[in-house]
Amino acid sequence: MKFTLILGCCTVFSLLTACTTTSTTTAMQRDAYLQQFIGQTSQSIQAKLDLTRIGYQLMLAPVANDQTLTYTVIRPVTIPVPMAQNPADIDAGHIPIQVTPRAQSYDVNLQCKIIYRLEHNIATSVHYTGNTC
């Protein structure tokens, strides 16, 4: 029972840490950065937009048509795997566990799309699809 409680607490703490440490920009900062390109041409946006600045990696080349300019991006996130510092100290059987450095976390690439709506080749708004933007 004690082991389960400790493991549950570690899991919650690890997820909170992962959510707060994976990106140095907030959603509000990312939105403000992307909003500044409204009013510019699609060519200007493609030349100036730096997605790495807000923690994204471009997955595919931008797709432009008469109505939209679409970026498919990923946001890499490292999620730590909850592990007790010394599993042998837990009163649940004293079984030592070998943990390699790679097993202490796993990487996830969260995908989303950033879509600028265009009128006469000028961005009029920006919106996002996917829950990771």
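**Overall architecture**

The protein contains 3 helices and 5 strands, where helices (H or I, at least four residues) and strands (E, at least two) are DSSP runs numbered from the N terminus. This is a predicted model, in which local features need pLDDT of at least 70 and side-chain atom pairs count only at pLDDT 80 or more, while totals for chains, interfaces and linings use all residues. Residues are numbered from 1 along each chain as its sequence is written, and side-chain values use heavy atoms, with hydrogens and water left out.

Along the sequence, the pattern reads α-α-α-β-β-β-β-β. Of the 133 residues in the protein, 28% are buried, meaning under 20% relative accessible area with a 1.4 Å probe, protein chains only.

The largest nonpolar core has 18 residues, and L49, L51, I114 and Y116 touch the most other members. Such a core is a set of buried Ala, Val, Leu, Ile, Met, Phe, Trp, Tyr and Cys residues joined through side-chain atoms within 4.5 Å. At least two residues of this core come from each of α2 (27–35), β3 (68–80), β4 (105–119) and β5 (122–129); β4 gives the largest share, 4 residues.

Beyond four places away in sequence, Y116 touches residues including L34, I45, L49 and V126, a contact being heavy atoms within 4.5 Å.

Finally, I draw attention to S44, which lies in helix α3 (residues 42–48). S44 counts as buried because its relative accessibility is 17%.

Definitions and conventions. Buried < 20%, exposed > 50% of the residue type's maximum accessible area, 1.4 Å probe, protein only.
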